[in-house]
Amino acid sequence: MSRTYEGKRVGPVIRRPVAWVLAVALFAEAFGVAALNWFLGTVVDRQDMSLAGLDPHVMSVSSKIGGIAFGLYFALCGLVALLVALRNRPPAGFGRVLLISAAVVHGLLGAFTWGLVGWTAFLFMVLLLALIVLLLMVYDRPAGPADAAPAGGTSGDGSPVTSPPAPTTP
């Protein structure tokens with residue numbers, strides 16, 4: 001059963017397009033983050049200055065490793081979104097946790113980009129955050145008859161579904 005909005009079915013209509021758009025956006029972001037960090041690492045490597053006594057080569061290598069690590073992280077998140085789009089099933093287990101962590105990362109990056117980069121980068125981060133949250137929400141199954149208490153007032157093992165009333169003292 002899908003969620004309704006003024007009598008219209010909303011969930012199944014937007015599930016796959018949201019997953020496809022999110023997958024493409026995360027793959028583009030993965031490439032962009034990796035390329036930007038690689039470029040910054042190359043710039044640091046070509047200059048002959050140090051920051052607080054740090055070796056420029058160490059800063060360059062760490063920037064490139066960080067860019068590759070974050071690029072792979074966002075690519076893995078994009079792969080989860082791509083699998084959701086292809087299978088039309090909600091992300092489960094590690095994939096769901098990965099998308100939730102990506103939502104947290106985009107929220108934090110959005111907060112930092114507002115002050116450091118500008119409002120356009122902030123809007124991009126908030127858009128990706130909204131897409132991730134929307135993907136997680138449209139595949140969330142609503143509580144329905146399957147979640148209700150079984151007939152007869154007992155669960156499958158014979159124990160009562162509700163607890164007995166608390167004793168009262170006179």
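A polar contact is a pair of N or O atoms within 3.5 Å; within protein, one must be able to donate a hydrogen and the other to accept it, and residues adjacent in sequence count only if both atoms are side-chain atoms. This tour visits one such pair, then other places in the model.

The model is predicted: local features need pLDDT of at least 70, side-chain atom pairs count only at pLDDT 80 or more, and totals for chains, interfaces and linings use all residues. Residues are numbered from 1 along each chain as its sequence is written, and side-chain values use heavy atoms, with hydrogens and water left out.

**Whole chain.** Show the chain as a cartoon. Four helices and two strands make up its elements, in the order β-β-α-α-α-α from the N terminus. Helices (H or I, at least four residues) and strands (E, at least two) are DSSP runs, numbered from the N terminus. Of the 170 residues, 28% are buried. Buried means under 20% relative accessible area, exposed over 50%, and partly exposed in between (1.4 Å probe, protein chains only).

**Glu29.** Select Glu29, in helix H1 (residues 11-46). Which side chain joins that of Glu29 in a polar contact of 2.7 Å? The partner is His106. Now show what else touches Glu29: leaving aside neighbours within four places in sequence, Glu29 is in contact (heavy atoms within 4.5 Å) with Phe74, His106, Met125 and Leu128. Glu29 is buried yet has no salt bridge, that is, a side-chain nitrogen of Lys or Arg within 4 Å of a carboxyl oxygen of Asp or Glu. The nearest side chain of opposite charge, Arg96, is 19 Å away. For charge, Lys and Arg count as positive and Asp and Glu as negative; His and the chain ends are not counted.

**Ala35.** Stay in helix H1 and select Ala35. Its relative accessible area is 36%, so Ala35 is partly exposed.

**Leu76.** Move to helix H2, where Leu76 is found. Why does Leu76 count as partly exposed? Its relative accessibility is 36%.

**Asn88.** Finish at Asn88, in the loop between H2 and helix H3 (94-116). Its phi is near 55°, a positive value in a residue other than glycine. Most residues other than glycine have a negative phi. Asn88 counts as partly exposed because its relative accessibility is 34%.
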